[in-house]
Amino acid sequence: MTTGIENSPPRENSRKIIALAGGVGGAKLALGLYKHLQSQKRSGELVIIGNTGDDLEYLGLQISPDLDTLMYTLAGRVNTANGWGLQDDTGNTLTMLGEYGQENWFWLGDQDFATHIVRTHLLSQGQRLTEVTEELRRRLAIDCQLLPMCDEPVRTLVETAEAGQLAFQEYFVKRRANDTVIGLAFEGAAEATISPEIRQALTDPAMIIFCPSNPYLSIRPILAVPGMPELLRSSAANLVVVSPIVGGQALKGPAAAIMSSLGQVETPSALGIAQVYAGFAQRFVLDTVDADQKAAIEALHFRVLVTNTVMKTDEDKVRLAQEILQEFS
């Protein structure tokens, strides 16, 4: 199986734009970058590295929720009301599984099942997750690279005050992220390796963007792959962080609550996000409502872009992507 980008090959001497992403927030900016570069016939220069710490085996199937959210979003097939799953999908299969006495708290749509069946089948034939993801994105006519953070299984485990250690999806979906997070672990990370595709993508990239994803649940698993932080640093590219906290609140998910419960900051804020990445990244994208934090973030040795980071429409996503690329190129 090929791992190139057949539909839109990179231009000669082009440099990659790398986006690290997980979850709905990350997928929004990934789509903005994709659409903007696509309009310039440069989509082949985009490489999205997706979190797989959320992955699970469910009903015998290998599920990669963050990769699928990214894939469905880029393909224009995502359920826009949820930000995940397929548009107009139905849940008849899951309902019937419940009638058979099977756990069905993790929602999978009828069309969505096809993705997981194909992934599980191809993995069982010995293909790497990177190769399987390449096949799926190619079939959905996505003309940029979408790479899992590694081929080996890495599973995010959430230590909670109320229920002890939980598998990520049990914490996030079954218990609706209502538990107090006091620690995180990434099972299998020590055995994970950086794929040849990621090494190639990170050879002299133009820019590396940390999408507005949860820094603890979506980005930290990627950085837990041995050698990944060092490889990102050594790329000599601008490392750009887009804050997932706006006005003290997470745009999506439990990032603000986790920031508080882990004791990293007293009050969740964009400045707190900057402190998480301080000494690692050099560029920061701050929402206009938090403009009063600009000086404090600059004191952490960031160059700061202040703009509207809330992405409600596709136009918002493309505008933000364009501003980031123009400001930090």
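## Pockets, strands and helices in a predicted model

Helix α1 is the biggest contributor to the lining of the second largest pocket, giving six residues. Keep in mind as you read that this is a predicted model.

How is empty space in a protein found? Rolling a probe the size of a water molecule over the atoms shows where empty space is left.

| Pocket | Volume | Lining residues by class |
|---|---|---|
| Largest pocket | about 940 Å³ | 18 nonpolar, 13 polar, seven charged |
| Second largest pocket | about 460 Å³ | eleven nonpolar, eight polar, six charged |

Two or more lining residues come from each of α1, α2 and α13 (314-328).

Now turn to the largest pocket. Which residues lie nearest its centre? They are Val 24, Trp 84, Gln 169, Phe 172 and Val 173, out of 38 residues in the lining. Five helices each supply at least two residues of this lining: α1 (23-39), α2 (65-74), α4 (110-124), α6 (168-174) and α8 (215-223).

### A strand covered on both faces

In a regular strand the side chains alternate between the two faces of the sheet. Strand β9 (residues 207-210) lets you see what lies on each side. Met 207 and Ile 209 are on one side, Ile 208 and Phe 210 are on the other, and all of them are buried, so both faces of β9 are covered.

Strands of a sheet pair through backbone hydrogen bonds, either parallel or antiparallel. Which sense does β9 use with strand β1 (residues 17-21), parallel or antiparallel? The pairing is parallel and spans four bridges. Within it, Leu 20 has Phe 210 of β9 as its bridge partner. Strand β9 also pairs with strand β10 (residues 238-242), again in the parallel sense over four bridges. There, Ile 208 stands opposite Leu 239 of β10.

### A three-stranded sheet

Elsewhere, three strands in the order β7-β6-β8 make an open sheet with antiparallel pairing. Its edge strands, β7 (164-167) and β8 (181-187), each pair on one side only. From one strand to the next, the twist averages 25°.

Strand β6 (residues 155-160) is joined to β7 by four bridges in the antiparallel sense, and Glu 159 stands opposite Gln 165 in β7. Helix α8 lies across β6 and β8, and it runs at about 30° to β8. This is the α8 that also supplies at least two residues to the lining of the largest pocket.

How many of the residues of α2 are buried? Ten of the ten are, so α2 is largely enclosed by the rest of the structure. Among them are Pro 65, Asp 66, Leu 70, Tyr 72 and Leu 74. Just after α2 comes Gly 76, with a positive phi of about 70°.

Helix α11 (residues 270-277) has Ala 270, Gly 272, Ile 273, Ala 274 and Tyr 277 as its buried residues. An α-helix has 3.6 residues a turn, so residues three or four places apart point the same way. Just after α11, Gly 279 takes a positive phi of about 85°.

Technical notes
Residues are numbered from 1 along each chain as its sequence is written. This is a predicted model: local features need pLDDT of at least 70, side-chain atom pairs count only at pLDDT 80 or more; totals for chains, interfaces and linings use all residues. Side-chain values use heavy atoms; hydrogens and water are left out. On a 1 Å grid over the protein atoms alone, a cavity is a set of points where a 1.4 Å probe fits but cannot get out, and a pocket is an open set with protein on both sides within 12 Å along at least five of seven lines; lining residues have an atom within 4 Å of a point. Grid points are joined across faces, edges and corners, and a volume is the space filled by probe spheres set on the points. Ala, Val, Leu, Ile, Met, Phe, Trp, Tyr, Cys and Pro count as nonpolar, Asp, Glu, Lys and Arg as charged, and the others, Gly among them, as polar. Buried means under 20% relative accessible area, exposed over 50%, partly exposed in between (1.4 Å probe, protein chains only). Two strands pair if DSSP finds at least two bridges between them. Axes are lines fitted to C-alpha atoms, for helices over the stretch in contact, and angles run from 0 to 180 degrees between N-to-C directions. Contact means heavy atoms within 4.5 Å.
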